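Some labels given to parts of a structure rest on a cut-off.

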Amino acid sequence: MKILVTGGAGYIGSHTCVVLLQQGHEVVIVDNLCNSKPAAVERIRELGGKDVKFYKEDVCNETALGEIFRREQPGAVIHFAGLKAVGESVEKPLEYYANNVGSTLTLLKVMGETGVKNIVFSSSATVYGDVEDPPLREDAALPNHANCPYGTTKLMIEQILKDYAHAHSDFNAVLLRYFNPVGAHESGRIGEDPSGIPNNLSPYIVQVVVGKRDKLHIFGNDYPTPDGTCIRDYIHVVDLAEGHAAALKLFEKGNCGLRVYNLGTGRGHSVMEVVKAFSEAAGQDIPYVIEGRRAGDLPESYADCQKAKDELGWEAKKTLQDMCADALRWQRQNPDGYGD
Ligand code: NAD
Ligand code: UD1
């Protein structure tokens with residue numbers, strides 16, 4: 001199938017494009033490079049062993065997007081494009097609503113005009129909020145808003161897709177709720193390339209390992225968890241990428257309507273366990289200090305992954321050790337990410 005991948009030059013998108021190419025799909029990327037580099041597209045071609053078409057374009061640009069869809073006529077869309085920094089979304093809510101919600105509205109309009117009926121959307125475990133205790137199931141009650149504008153854009157987009165699918169019985173949407181993606185392709189050629197100081201745990205730790213940061217700041221060790229640090233469901237980005245390929249198979253089988261799946265491992269690890277795993281993979285201590293809690297953090301979050309296993313035939317295979325080894329290989333081989 002020809003898959004149009006918005007945000008395909010980004011962290012999760014690049015790994016997914018490689019898996020799609022390896023599985024024989026044709027890939028067209030639309031990315032405005034606001035948080036990624038053209039080198040990522042080159043490396044997708046290298047690892048996928050095939051050419052991909054790349055359009056440097058904003059998904060909010062309806063005219064340009066319409067031209068791309070009319071020219072390419074994709075069979076399905078995977079919509080990764082979006083802004084994702086939690087703190088920045090608190091400072092600049094309008095940018096987040098305009099970009100994340102706006103791009104999805106434009107995309108759906110263009111898809112409707114050009115007869116494209118299949119979409120996979122990048123949602124997040126953040127939509128669960130703190131309403132229910134883990135393991136989190138897809139049928140859990142969702143809050144009205146998340147703990148930040150970024151998270152609320154995911155809730156809003158999920159609702160938009162539900163309403164659109166309700167109005168169009170031949171429209172198919174698979175909402176994938178990612179838990180905590182970490183790691184990199186085992187080649188070390190593509191990986192996570194955050195700009196500035198990393199907000200997330202794994203990219204921060206690997207920068208400590210290569211000496212770019214002095215020490216890790218652990219946000220709180222007084223949570224009601226066995227070692228007092230927060231527990232998350234870390235999933236290898238290549239497992240996550242394969243989850244997208246599995247979701248696309250639903251479209252090949254026919255009309256699937258709207259489906260929601262968690263993509264996680266179903267297993268939680270504490271911050272201290274992650275530090276220990278990275279320390280073992282790196283063969284060195286990781287200096288850290290304990291700080292106060294970070295606003296908005298939940299003590300514990302992990303997925304119930306049974307639904308994806310039953311309906312997509314997908315489950316995560318890689319371990320926390322794989323995630324650490326691969327994240328470190330990427331960072332060591334590319335200390336400045338993709339460069340300028
Ligand atoms: P990323 O920033 O690496 O990739 C997003 C890509 O989208 C970037 O290449 C960026 O340049 C592009 N982009 C953003 N706005 C665009 C626009 N208007 N038009 C065209 N391109 C645009 O992020 P990622 O980690 O790969 O995340 C991909 C998706 O998954 C995002 O929607 C994110 O919210 C979601 N998600 C990520 C995580 C995570 O931990 N990384 C967790 C849950 C959900
Ligand atoms: C965060 C976001 C979530 C988003 C996801 C991917 C919050 C509250 N949640 O998830 O909405 O979908 O990133 O972008 O921001 N930690 C440290 N030190 C650090 C970094 C993190 O101790 O330098 C801790 C955090 O307190 C947390 C754990 O590590 O307990 C994981 O943090 P992180 O990687 O940022 O992921 P989430 O908070 O789960």
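Q: How many salt bridges does a search of the whole structure find?
A: In this predicted model, the search finds 23 salt bridges.

Q: What makes the contact between the side chains of Glu-158 and Lys-162 a salt bridge?
A: The N to O distance is 3.6 Å. A Lys nitrogen has to lie within 4 Å of a carboxyl oxygen of Glu, so the pair qualifies.

Q: Where do Glu-158 and Lys-162 lie relative to each other in helix α6?
A: They are four residues apart in helix α6 (residues 149–167), so about one helical turn separates them.

Q: How do you know that the side chains of Arg-177 and Glu-158 meet in a salt bridge?
A: Their N to O distance is 2.7 Å. The limit is 4 Å for an Arg nitrogen and a carboxyl oxygen of Glu, so the pair counts.

Q: Which parts does the pair of Arg-177 and Glu-158 tie together?
A: Arg-177 belongs to strand β6 (residues 172–178) and Glu-158 to helix α6, so the pair ties together parts that are 19 residues apart in sequence. Arg-177 has a relative accessible area of 1%, and with the cut-off for buried at under 20%, Arg-177 is therefore buried.

Q: Why does the pair of Lys-309 and Glu-315 count as a salt bridge?
A: The side chains meet at 3.8 Å, N to O. This is within 4 Å, so the pair is a salt bridge. Lys-309, with a relative accessible area of 39%, is partly exposed, and so is Glu-315 with 43%.

Q: Which residues are linked in a network of salt bridges?
A: Lys-2, Glu-26, Lys-53 and Glu-72 are linked in this way.

Q: What makes strands β2 and β3 a pair?
A: Four bridges join β2 (residues 26–31) to β3 (residues 53–56). Pairing takes at least two bridges, so these strands pair. They run parallel, and Ile-29 stands opposite Phe-54 in β3. From β2 the chain passes through helix α2 (residues 38–48) to β3 in a right-handed β-α-β crossover.

Q: Why is His-79 called buried?
A: The relative accessible area of His-79 is 1%. The cut-off is under 20%, so His-79 is buried. His-79 lies in strand β4 (residues 76–79), and the residues it touches include Thr-6, Val-59, Leu-107 and Phe-121.

Key
Residues are numbered from 1 along each chain as its sequence is written. Chains are lettered from A and ligands numbered from 1 in the order in which they are written. This is a predicted model: local features need pLDDT of at least 70, side-chain atom pairs count only at pLDDT 80 or more; totals for chains, interfaces and linings use all residues. Side-chain values use heavy atoms; hydrogens and water are left out. Buried means under 20% relative accessible area, exposed over 50%, partly exposed in between (1.4 Å probe, protein chains only). Contact means heavy atoms within 4.5 Å. A crossover is right-handed if, with the strands pointing away from the viewer, the path from the first strand over the helix to the second runs clockwise. Lists of a residue's contacts leave out its neighbours within four places in sequence.
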